[in-house]
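Me: I have a multi-chain model on the screen. Can you take me through it, one question at a time?

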Amino acid sequence: MSAHLPVLQVLIPLLAAPFCVVLRHRDIAWAISLITSLVCFAISLMILDQVLTQGVISYFMGGWPAPWGIEFRIDVVNAYVLVIVSAIGAIVSLYGRHSINKEIPRNQIYLFYTAYLLCLTGLLGMTATGDAFNLFVFLEISSLSTYALISLGKNRRALTASYQYLIMGTLGATFYVIGLGLLYMMTGTLNIVDLHNKLADVDGSLRTFQAALAFLTVGLSLKLALFPLHLWLPNAYTYAPSTVTAFLASTATKVAVYVMLRVFFTIFGVDLFEETGVPNIIMILAICGMFVASTVAIFQENLKRMLAYSSVAQIGYIMLGISFLSVTGVSAGIVHLFNHAIMKCALFLALGCVMYRVGSVKLSDMHGIAKKMPWTMGAFVVGGLSLIGVPLTVGFVSKWYLINAAMEADMMPVAALILLSSLLALVYVWRVIEVAYFRAPKTESNIKEAPLSMLIPLWIMAGASIYFGIDTDMTLGVAELAAEMLVGGTP
Amino acid sequence: MEALDFISPGLYNYWIVIFLMMAGFYIVIARGNLVKKLVGLNIFQTSVFLLYISMGKVQDATAPILGEGFDTFSNPLPHVLILTAIVVGIATTALGLSLVVRIREAYGTIEDKDLLELEDETS
Amino acid sequence: MSMELSILLSILIPIIGALLIAVTGKIPNLRESVTMITSVALFLNVLTLLGPVLDGERPELQLIEMFPGLTIGFKVEPLGMMFSLIASGLWILNSIYSIGYMRGNNEKHQTRFYICFAIAIAATLGLAYSSNLLTLFIFYEVLTFSTYPLVSHKGDENAVKGARTYLGILVTTSVAFLFFAIAWTYAAAGTLDFVDGGILGGNVEGPMLGLLLMLFIYGIGKAAVMPVHRWLPAAMVAPTPVSALLHAVAVVKSGVFTVVKVIVYTFGIDNLVNSASAGWLVYVSGFTIIAASMVALRQDNLKRRLAYSTISQLSYVVLAAAILTPISAIGAALHIAAHAFGKITLFFAAGSIYTAAHKTEVSQLNGIGWKMPITMTAFSIGALSMIGLPPTAGFISKWYIIQGAVSSDNFVALAVIVLSTLLNAGYFLPIIYAAFFKKEEDRKDDHHGDHGEAPLPIVIAITSTASLTVLMFLFPDVALELAQQMIGGAQ
């Protein structure tokens, strides 16, 4: 049984999805998706444990050995990402029931859970697989279900947002396939480890090679919303149902970042990658993203949109860490991958609660709301402080590592820029806190605190963003192992 | 001579790929009609299919079917991959088109420009 | 009771107190008893550490390893001991005072007030005991954020604006400069521990050392060295107990305490003397002393005048540290204590006048000395201490600072001290004169006319702090011993 964990991880949600369609009942569908997500989370923890104790797991699909068959290959890096994705999945499905019942038409709810499970399948598959083309297939599974999930939003703009994302996402995925095709031309293999081995002999100045890297980078940058390829993201996050936004914001882009890490470090390897000069471009774009997106976030009236822009900025931090190409830098990126997932999830879940009670997440509708919904806004404050990078929250841990990486690389100005950009976060977070806590409510209304079934998952996330801000053993430990492996060049 | 290799007729398939790719890409960017954008997207994807399939071709080889008298075969793997990619492409197109239908129901138009105006009004 | 436990309890007692206050918030009498019991328990607990520290012990407690090689840890050294004694001792008096003030003025949100106050005290003690810069920074930020609700307590436009300035400046400076300086220090020295003689010797040289010092000085916005002093007058929108304990003792003293710590234990006095990169600090702090006094001279609002006086007095501590002689460092440590007692008395008096007579401006105080004799006597004692006249604590600290300036032939510092003493006299003596020797003008709206002393709790508190100011002059042994030990260790 334990030998089949890697495939079960992906297979279980895939098989659970049709049940939701067949049974056509919203509560049963919810129960199925909750149980599935919890099982996935348990499996991912078991896998992480296996990887940490026994090393890399290789699973040959159908018994065909790599590089001929499809291999599921799990090392520290993707075991870690699997845990993030499935944990968020579990939390979100725990949370989602009330919110979904309210935000999605009754007759579509079971379809929502189907799409959610497929999306989970896709994301877990992308993470687990060791085959670059198989990765594309999972990428499309997750993307297609994501488009469907976004289009379920109440506002009709959800449709155009979803369409926009579909176009951009498909372009990105196709770019990825083109890049992969070029690599296949040079090496004749699609297995990631095999690609690494064969590319080691390739001359870095070869044009095919460079074109391949360019296509892969642009394609994945689209998926992970690296500035300035983030245009699809704000609308998609704003108009998707709250639960979907929370799920996507903390998983979809993170998995794309993971794939990027794989491409850069495992397939190409640090040395080849550095020669191409791509890291410098990424660094500049990441810094631009941090500033531009944070600045735009300050002027948003719709808080979901504000957080969406903040996500673009935070992705900038992650990519900046990666672009240092040092162990500290990549650890910072990986740790922020985890930390940002937690805090953004908490923030979007809090907004989901607000949406549930108030029916809007416009700043002007939230005057004095902290008195009515103290627990919800409390969690929002925790998440917000974490975005700023206040000590004792996860945000501080990431920032500390990132700054250290910059110092280590002798890039003091970059370190200064990181700090300056976090001041922008202070502005946009504080704007909300002031309105929620210190403004008198505009009209007398009987808004109540969100139901407990939403508050508990919310506070699990908020609690986690404090807990992991203090006890960093697990997150940092794993991130460092992963970074050493990636930068060290062992596939 | 070597410098001109890249325009040699032997590589014309890549020129077709690049032409289709750019044409599709251009349509996606430049056309305002949502259906036309999807058409462009399809052309763009098709170019990739061609890219893969043409790289599977081996000079003087037959189709990859075992048979008497043949010992060089074309590489079947790209074809298989592209079969998958075609399926993905169909799914994307289907989803895209259904979104377009829903957009038309909700807005009464599928022109980018009109949509933007409508959205500005509502927001 | 082991000393490790005492250290831990110093931070836990106020936090537990805060929780109990939250629980008992509905019953004001019980809530206030909790506050009182907590503060007394805290002070007694801190006292148990005094004996061992005076005997030369340095109790240590390493809590958790936050980053590899960097722990959240505590180590009680003399200066921290002194600071924690002052903060926890004055918290008792301030609590008595708060009860009188908050009830006397029918303030709202009293539960939130007491909770945040307790958390701020916990942060102050954590800061006082920090064994490294990272821990110090963490508590520094906790202190900033926990005092924000106190500053914006009134919740009106004015209070929110003031609080925004307060938070904005403190967070901006700490994130942009202090955090940067700490990361730089870590990158250069590989450690952040407070070590006798400093950790930067040989690691950072020449002009860079000066730059780093500048980052620290302006990063520690709480020390209010011009031009990052603006938050302090802005914070005067807070209720007077907040201004008294936090903005005359805990918050601002955290600032100068950090400055002294950084100069003594991070840079090392000898290192700074040798590299001659701290000379500018004398001019900057000297300028702040004089300029702030001049501004104070022109303030009619009593609390604002006190705020500018605080800015000026804080820079005394910075100046004393910047003179870089052991004896002036003793002066710096003593001045932290002396100014704490004196300034809290002055703020108590200001609050007392506001509660009893609803007067806030200096020009309204004619003849008030005869109506509120205890308050104004205490005010006079506090003012004398600010000027530095015997028999008050201010005289002792000033004496040491002057000795230090003379022994190092630092005539700039000497001139600054002499000039500022005159200015201090210039803005305090007229108040005393007016209060006792001028006739109260006939007021048309006479309903404030016949007031007596402030409520009893206020009178008790103000008498105690005024007595402390005198007692410290008469019995300076403990403070002096602690200050000398700090230097004894540092040489």
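Me: What are the ground rules?
Reply: This is a predicted model: local features need pLDDT of at least 70, side-chain atom pairs count only at pLDDT 80 or more, and totals for chains, interfaces and linings use all residues. Residues are numbered from 1 along each chain as its sequence is written, chains are lettered from A and ligands numbered from 1 in the order written, and side-chain values use heavy atoms, with hydrogens and water left out.

Me: Which pair of chains has the most contacts?
Reply: Contact means heavy atoms within 4.5 Å. Chain B and chain C do not touch, and their nearest C-alpha atoms are 29 Å apart. Two pairs of chains do touch, and the most contacts are between chains A and B.

Me: How much area is buried between chain A and chain B?
Reply: Buried area is the accessible area (1.4 Å probe) that two parts lose on being put together, summed over both. The contact takes 28 residues from chain A and 37 residues from chain B. Carbon and sulfur atoms give 78% of the buried area, and the total is about 3000 Å².

Me: Which residues of chain A lose the most area to chain B?
Reply: Three residues together make up 23% of what that side buries. They are R156(A), Y163(A) and Y184(A).

Me: Which element gives the most to the side of chain A that touches chain B?
Reply: Helices here are DSSP runs (H or I, at least four residues), numbered from the N terminus. Two elements give two or more residues to this side: α5 (132-151) and α6 (157-187) of chain A. With 17 residues, the one that gives the most is α6(A).

Me: How many residue pairs are in polar contact between chain A and chain B?
Reply: A polar contact is a pair of N or O atoms within 3.5 Å; within protein, one must be able to donate a hydrogen and the other to accept it, and residues adjacent in sequence count only if both atoms are side-chain atoms. Polar contacts, with both residues at pLDDT 80 or more, join residue pairs numbering seven.

Me: Which side chains meet in a salt bridge between chain A and chain C?
Reply: The rule finds one salt bridge across this interface. Its N to O distance is 2.5 Å, and the partners are R164(C) and E434(A).

Me: Where is P228(A) found?
Reply: The peptide bond from F227(A) to P228(A) is cis, with omega near 0 degrees. P228(A) lies in the loop between α8 (207-224) and α9 (232-239) of chain A.

Methods: A salt bridge is a side-chain nitrogen of Lys or Arg within 4 Å of a carboxyl oxygen of Asp or Glu.
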